[in-house]
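Here is a short report on the fold of one protein chain. It starts with the contacts, then turns to the sheet and the helices.

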Amino acid sequence: MSKEWALVTGASGGLGEALAREIASRGLNVALAARGDAAMQALASELRDRHKVETRVFSIDLSAPGSAAALTERIDTDGIKPDLLLNNAAFGMAGSFVDADHARLLAMLQLDVVTLTELTLLYGRRMMARGRGRILLVGSLASFSPCPNLAAYAAAKAYVLSLGEALNVEFAPAVGVTTLSPGLMDTGFNTASGFKTPAGLQRTILPVEKVARIGVDALLAGKSSVVAGKINKLTAFSNRLLSRHFVAKLSTRAEAAEHGS
């Protein structure tokens, strides 16, 4: 496996960094893509020393239109042909939809939906032509229900889940597509999105290392999708049994109770 390459997006921290570590521990070379060049350079050096794999760093803003094609061109120039694509780069926005910053909302949708789709298309075509490959799409527990005050983010992640489960069938058996749906993790998501974890959900927070291991295990096992964490699995299953309107109202009531209103 030492000749195989994995491309990990959003690899400068959080789950992306953990995914890069997990995939390198299994003997694959790793290409890292994100904005944080210094963090990725340090991670690349660590992975080379610890796991004796090759690494490359591609500093790029994947929330910019055209960034998927630009990244693909740079990777081609380096002579790398990824056998695995771990499509992780994303950010969220919490708060009232009508009060959202317009430019930031568009950047979020560009990154979470458009760039993810373009990279999946560009590398999915190549993998299908070669007759092999694996793609991991990182969704969210928010994929399974409408989330007031996280409305656009949850909708974007619902798209990711639907896309991944469809492509798992469409690309089979040559190329595997797996959607990983994590719940709350100890990352920079809250700071970037403005989301505050309700006290009642603190016990559901999972270490990024555990989520990364669950995701990579599912990817290599050829699973169509996986929800990380037992409580999160139960939540996702329960949401599918209830009406989407009821789940949305329940979420709003829980948030109001959390803030004493």
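## Contacts and fold

Residues 24 or more positions apart account for 70% of the chain's contacts with a separation of 6 or more; contact means heavy atoms within 4.5 Å. This is a predicted model: local features need pLDDT of at least 70, side-chain atom pairs count only at pLDDT 80 or more, and totals for chains, interfaces and linings use all residues. Residues are numbered from 1 along each chain as its sequence is written, and side-chain values use heavy atoms, leaving out hydrogens and water.

The chain holds 9 helices and 7 strands. These are DSSP runs numbered from the N terminus: helices are H or I, at least four residues, and strands are E, at least two. Of the 261 residues, 46% count as buried, meaning under 20% relative accessible area with a 1.4 Å probe, protein chains only.

## The sheet

The 7 strands form an open sheet with parallel pairing, in the order β3-β2-β1-β4-β5-β6-β7. Strands pair if DSSP finds at least two bridges between them. β3 and β7 stand at the edges with a single partner strand each, so one side of each has no neighbour in the sheet. β4 and β5 pair over 4 bridges. There, L85 stands opposite I135 in β5.

## The helices

Angles run from 0 to 180 degrees between N-to-C directions, with axes fitted to C-alpha atoms, for helices over the stretch in contact.

| Helix | Strands touched | Angle |
|---|---|---|
| α4 (residues 102-130) | β1, β4, β5, β6 | about 170° to β4 |

Helix α5 (residues 151-170) has 20 residues. Its buried residues include Y153, K157 and L161.

Terms used. Expected span 1.5 Å × (residues − 1). Buried < 20%, exposed > 50% of the residue type's maximum accessible area, 1.4 Å probe, protein only.
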